[in-house]
Amino acid sequence: MNGCDEMQAGFTEYLDGQLNGREMQEISAHLNACRDCAREWDTLRSTKMALAELGPVPEPQDLLLRIRVAVSQERARSRRKWAEGWTLVWKNTVGPFLLQASAGFASAVLLLGTVVVLVTMFAQPESAQASKDEPLGMATGPRLLYLSSGAGANDIETGSQPVVVEAYVNDEGEVYDYRILSGPTDAATRSEVENLLLFSVFEPAKFFGQPVRGLAVLSFSGVSVRG
Amino acid sequence: MGNIASALALRSEEAAPIAELRSGSEEAFAWLIERYHQPIYSLLARTLQDRSEAADLTQEVFVKVFRGIGGFHGESSLRTWIYRIALREASNQRRWWMRHKQQEVPIEQEIAAGHAGNRVVLGDTLVDPGESPFEMAAHAETKARVEWALNQVPEPYRTTLILRDIEGFVYEEVAEMQGVNLGTVKSRLVRGRAMLKALLTAPAAEARSLALAG
């Protein structure tokens, strides 16, 4: 009986493939010889199989949808929190913002939906020499690459009034602050502008290939070229 | 041997989705939800008393996964991490239940909503001592009986049985998910299987008293 107890103690691991070859052989040999243990083993094995047969619990029909909605709501909540962090970022990064004085600024006209980038400027890094002879071709302003699908479409519902926005772009291509230059400045418009800018992806301004802070003036629902 | 191979396979399969999830990709999250919502719901439905609670909790698990993915650095597999969150939520829920809803849950309470008129009690079915539990389980109506028996197995044994025998995770992963060592997993399996077997093979009256005692 003692030997059987020992054998049966190993049944669980035997069942789960956790034993080494020698141990497995021992048990297997014993099972061939001992009817009681063989019956015990068989019951254990079929108990496990009975469980495996159960399969998944049928899920409620709307479960998948509910989960997706919950995650979307959470995503929206975290975006709003991100926007609240802007004022802090603005105070910390505005700093000295050197613009190349000489020849105006590199201008780019980009039409994306109804967004037009009117003007872009770049900030010369403090380490570089300020030189009036620096050819503008060596420097580029931030380039709007795309507006990723965030909330809302590319258009801003401003009625007939276009909105012109000055967006400050850091050296990683992220908008870190903005100013509405013209157009409505009510809360709804600001909120839509913020949403759009949150998901704007820029290629940062470059000064001799080095990413620098820059500025882009964007016009929504209107076409203008300046520069 | 097989364990290491499958663990490696899981890691490489998860590498790209993890990167995309951390960058907030909506498609990656849709994939995650699609892939794990059913097994997580299944686990929660069996470990909690209430199916609608399980649905709510499943939702909560994915919200927590979304919130926490930024802090996930691959210390475990993605799958283990998700299950850990689910198990933690379930255990919090059970603790809340015990604190606030002290009333007894009667043994005959139906767990499966679909079996309302179909109360399967062990003594009612013809128990042929020569027929193994597996043969009995092969019959569709006895699935309800196995489900009932599983529900009578107390925690943490029940969850251990679910993770090992229904989900098929290896000992190491079960240990990681439950936050215990391998020895504990093994002993929980031994005891859980013994309880389940006793519930399935004993005649009705004995089964009821076993369940009450457990």
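This is a predicted model: local features need pLDDT of at least 70, side-chain atom pairs count only at pLDDT 80 or more; totals for chains, interfaces and linings use all residues.
Chain B contains ten helices and zero strands, and its pattern along the sequence accordingly reads α-α-α-α-α-α-α-α-α-α. Of the 214 residues in this chain, 33% count as buried. Among the contacts in chain B with a separation of 6 or more, 65% are between residues 24 or more positions apart.

The largest nonpolar core has 48 residues, and those with the most contacts inside it are Ile40(B), Leu44(B), Ile82(B), Ala86(B) and Leu196(B). Helix 2 of chain B, which spans residues 26-47, gives the most to this core, with nine residues. Because domain 1 (1-103) and domain 2 (119-214) of chain B both give residues to this core, it lies between them. The surroundings of one of its members can be listed in detail: when neighbours within four places in sequence are left aside, Leu44(B) is in contact with Ala54(B), Leu57(B), Thr58(B), Ala86(B) and Ala90(B). Apart from this core lies another, of 20 residues, which includes Val193(A), Leu196(A), Phe207(A) and Leu215(A).

Helix 9 of chain B, formed by residues 182-201, has 20 residues and reaches 28 Å from its first C-alpha to its last, close to the 28 Å expected at 1.5 Å a residue. Buried positions in helix 9 of chain B are Val185(B), Arg188(B), Leu189(B), Gly192(B), Arg193(B), Met195(B), Leu196(B), Leu199(B), Leu200(B) and Thr201(B); of these, Leu196(B) is also listed among the residues with the most contacts inside the largest nonpolar core. The loop between helix 8 (171-178) and helix 9 of chain B holds Gly179(B), which counts as exposed because it has 10 C-beta neighbours inside 10 Å. Although Gly179(B) and Leu87(B) are 92 residues apart in sequence, their C-alpha atoms are 10.0 Å apart in space.

In chain A, strand 5 (residues 163-169) pairs with strand 6 (residues 175-182) in the antiparallel sense over six bridges, and within this pairing Tyr168(A) stands opposite Asp177(A) of strand 6. The hairpin of strand 5 and strand 6 of chain A has five residues between the strands, and Gly173(A) takes a positive phi near 85° there. Strand 5 of chain A is also joined by seven bridges to strand 10 of chain A, the two running antiparallel, with Glu166(A) standing opposite Val217(A) in strand 10.

Strand 10 of chain A (residues 214-220) is mostly covered, in that seven of its seven residues are buried. The burial extends to both faces of strand 10 of chain A, with Gly214(A), Ala216(A), Leu218(A) and Phe220(A) on one side and Leu215(A), Val217(A) and Ser219(A) on the other.

Between the chains, 28 residues of chain A are in contact with 36 residues of chain B. On the side of chain A that touches chain B, helix 2 (11-15), helix 4 (35-54) and helix 5 (63-84) of chain A each supply at least two residues, and helix 4 of chain A gives the most, with twelve residues. By residue class, the side of chain A that touches chain B divides into 14 nonpolar, five polar and nine charged residues.

Conventions. Residues are numbered from 1 along each chain as its sequence is written. Chains are lettered from A and ligands numbered from 1 in the order in which they are written. Two strands pair if DSSP finds at least two bridges between them. Helices (H or I, at least four residues) and strands (E, at least two) are DSSP runs, numbered from the N terminus. The expected span of a helix is 1.5 Å times one less than its number of residues. A residue is buried if 20 or more other C-beta atoms lie within 10 Å of its own, exposed if 12 or fewer, and partly exposed in between; C-beta atoms are placed from the backbone. Two residues are in contact if their C-beta atoms, placed from the backbone, lie within 7 Å. Ala, Val, Leu, Ile, Met, Phe, Trp, Tyr, Cys and Pro count as nonpolar, Asp, Glu, Lys and Arg as charged, and the others, Gly among them, as polar. A nonpolar core is a set of buried Ala, Val, Leu, Ile, Met, Phe, Trp, Tyr and Cys residues joined through C-beta atoms within 7 Å. Domain bounds come from an automatic or database domain assignment.
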